[in-house]
Amino acid sequence: MEVFLSVLFVVVIVLVLGWIKQNRGLPPGPGGIPGLSGIKLMASDKIPTRTFRKLRKKYGDIFSIQVGTRLLVVLNGYDVIKDALVKRAEEFSDRPCSLANRMIVKGRGLLASSGEHWKQTRTFSLTALRELGFGKKSLETKVMEEVDVFLDVIGHQNGKAFDISPLAHSSVSNIICSIVFGQRFNHDDKDFKWLLSRIDVQGASPTSIVSTFPLLRFLPGDLFGINRFLKNFEHLRDYFQTLVELHKKVFDPNASQDLIDAFIKEQSKHDKDNPAFRYDNLDFIILHLFLAGTETTSTTIRWAIIYLLRNPDVQARMFKEIESVVGSSRAPIIADRPSLHYCDAVITEVLRIANIVPLSVPHGALKDIYFRGYRIPKNATILPNLDSILSDPDLFPNPEVFDPTRFLDKKGKFCGAEKVVAFSLGRRVCLGEALARMEMYLFLTSLVQRYEILPEDPDNLPSQEGIFGITYGPYPYKFRAVARV
């Protein structure tokens, strides 16, 4: 017995010393039972950014939380986040090795890759998207085609209350379809409906809890839906691969029509073993464009409508400006934007206050990083807390108030939007920011021009409180769109 106790004592000492060494130099954070207290803390509020605001007051701009097996390092404040993501981008531009990444994505695509693989993937994607019209009139034409359908569908509601969510999701996804596949779909098309059902990312991934406790995935019965999740991705990849095969059969290197054509053309310039230009990487480039390009824009449109419902004076001023600059005989176009200062201010304020990706996309430490006096250990998950910027009262006085005029100067000109970092900062800044801004501008100005947006129940307006999932989205609501005379 004495020998056993001696061995047990030595083991405990070794484990404690190892834990102390592992945690030496970490950013400060809440104590308690390692891993478990962090889970309890994160579960104490449905909105983690509220928890992070409290922790920032106590521990400062950089703090850490051990949540199960994952160490989270949270960065706060414009200067700290810019220092990490811009000035030290080489160290902070990787992705964490999450369970979803290990089991499904395996370091492929735009959102999950790191290092040279990511650099080549992003460079190709940016170049291809620019050639396909990013920032050009040709892309505006594709967006306006979808805006026209969007407005017509709303008109068919005849002023009755309806939920905009499925229409917004379909409309924005169709723009991605035209860029990636070279075609748009009718909204009632069977294949299109199937695709939308597969890429719907409302709510958190079932891999979230299993990432915290990896051993849970071995429980029998698919308790957390991991197998269903995997099958869903396999079905999507099969669909993408079928379209790629069709493209390969008719491919003309002198006439690239979409992103798949651009990839086939670019592939011929690289070694066949280059992982960035294998078709399994293309599958995830397509998937990530849909996930990032659809959910973020459609969710922002839904938030914008809520703020217009809750602030009818803002909607009235938008309409007055559109009438003055554009009139009613045609829809607003991108060329009108430099003159629509207030409309631009409204959209920017929606991006700020809605803050639909408040923790950005997680970054990863692939090696120990020494930053501002702290050690961020290898395999830590780094969360750039964009909420700490977008709700900063020093940058945006009374940040809880929806006030588009904060982005207008004394002459009524649009200004001061450079710190609205809704699309993040640095090398990992959202690839589709230009498209998203174009879409939000064209959809919302066209909507306000043609319809007056009214609440379903004036005494029960949609909530400004949201649901925290993969994005921070509003609770379901309905509204009325009454055609302007």
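**View 1. Four strands make an open sheet of mixed pairing, in the order β1-β2-β6-β3.** This is a predicted model, in which local features need pLDDT of at least 70, side-chain atom pairs count only at pLDDT 80 or more, and totals for chains, interfaces and linings use all residues. Residues are numbered from 1 along each chain as its sequence is written, and side-chain values use heavy atoms, with hydrogens and water left out. Strands (E, at least two residues) and helices (H or I, at least four) are DSSP runs, numbered from the N terminus. Two strands pair if DSSP finds at least two bridges between them. The edges of the sheet are β1 (62-67) and β3 (363-364), and each pairs on one side only.

**View 2. β1 and β2 form a hairpin.** Two residues lie between the strands. Gly68, in the turn, has a positive phi of about 60 degrees. β1 and β2 run antiparallel and are joined by six bridges. Val67 stands opposite Arg70 of β2. Five of the six residues of β2 are buried, where buried means under 20% relative accessible area, exposed means over 50%, and partly exposed is in between (1.4 Å probe, protein chains only).

**View 3. Strand β6 (residues 381-384) is joined to β3 by two bridges.** These two strands run antiparallel. Gly364 has Thr381 of β6 as its bridge partner. β6 is also joined to β2, by four bridges, and this pair runs parallel. Here the bridge partner of Leu72 is Thr381.

**View 4. Helix α3 (residues 48-59) packs on the sheet.** The helix touches β1, β2 (70-75) and β6. Its direction makes about 125 degrees with that of β1. Touching is contact, which means heavy atoms within 4.5 Å. Axes are lines fitted to C-alpha atoms, for helices over the stretch in contact, and angles run from 0 to 180 degrees between N-to-C directions.

**View 5. Asp387 sits in helix α17.** Asp387 is buried, with a relative accessible area of 6%. Apart from neighbours within four places in sequence, Asp387 is in contact with Thr49, Arg53, Asn355, Pro358 and Asp392. Val357 is 30 residues from Asp387 in sequence and 8.6 Å away in space, C-alpha to C-alpha.

**View 6. Cys430 lies in the loop between α17 (387-390) and α18.** UniProt lists Cys430 under "binding site", in an unreviewed entry. UniProt positions are given in the numbering used here, feature names are shortened, and annotations may be inferred rather than shown by experiment. Cys430 is partly exposed, with a relative accessible area of 28%.

**View 7. Helix α8 (residues 137-155) crosses helix α18 (residues 433-450) at roughly 35 degrees.** The two axes come within 10 Å. The crossing is right-handed, which means that the near helix is turned clockwise from the far one by less than a right angle. From α8, the contact includes Leu139, Val143, Val147, Phe150 and Ile154. From α18, the contact includes Leu435, Met438, Leu442, Phe443 and Arg450. The contact residues divide into 12 nonpolar, one polar and five charged. Ala, Val, Leu, Ile, Met, Phe, Trp, Tyr, Cys and Pro count as nonpolar, Asp, Glu, Lys and Arg as charged, and the others, Gly among them, as polar.

**View 8. The whole chain has 18 helices and 10 strands.** Of its 485 residues, 50% count as buried. Among contacts between residues at least 6 apart in sequence, 72% join residues at least 24 apart.
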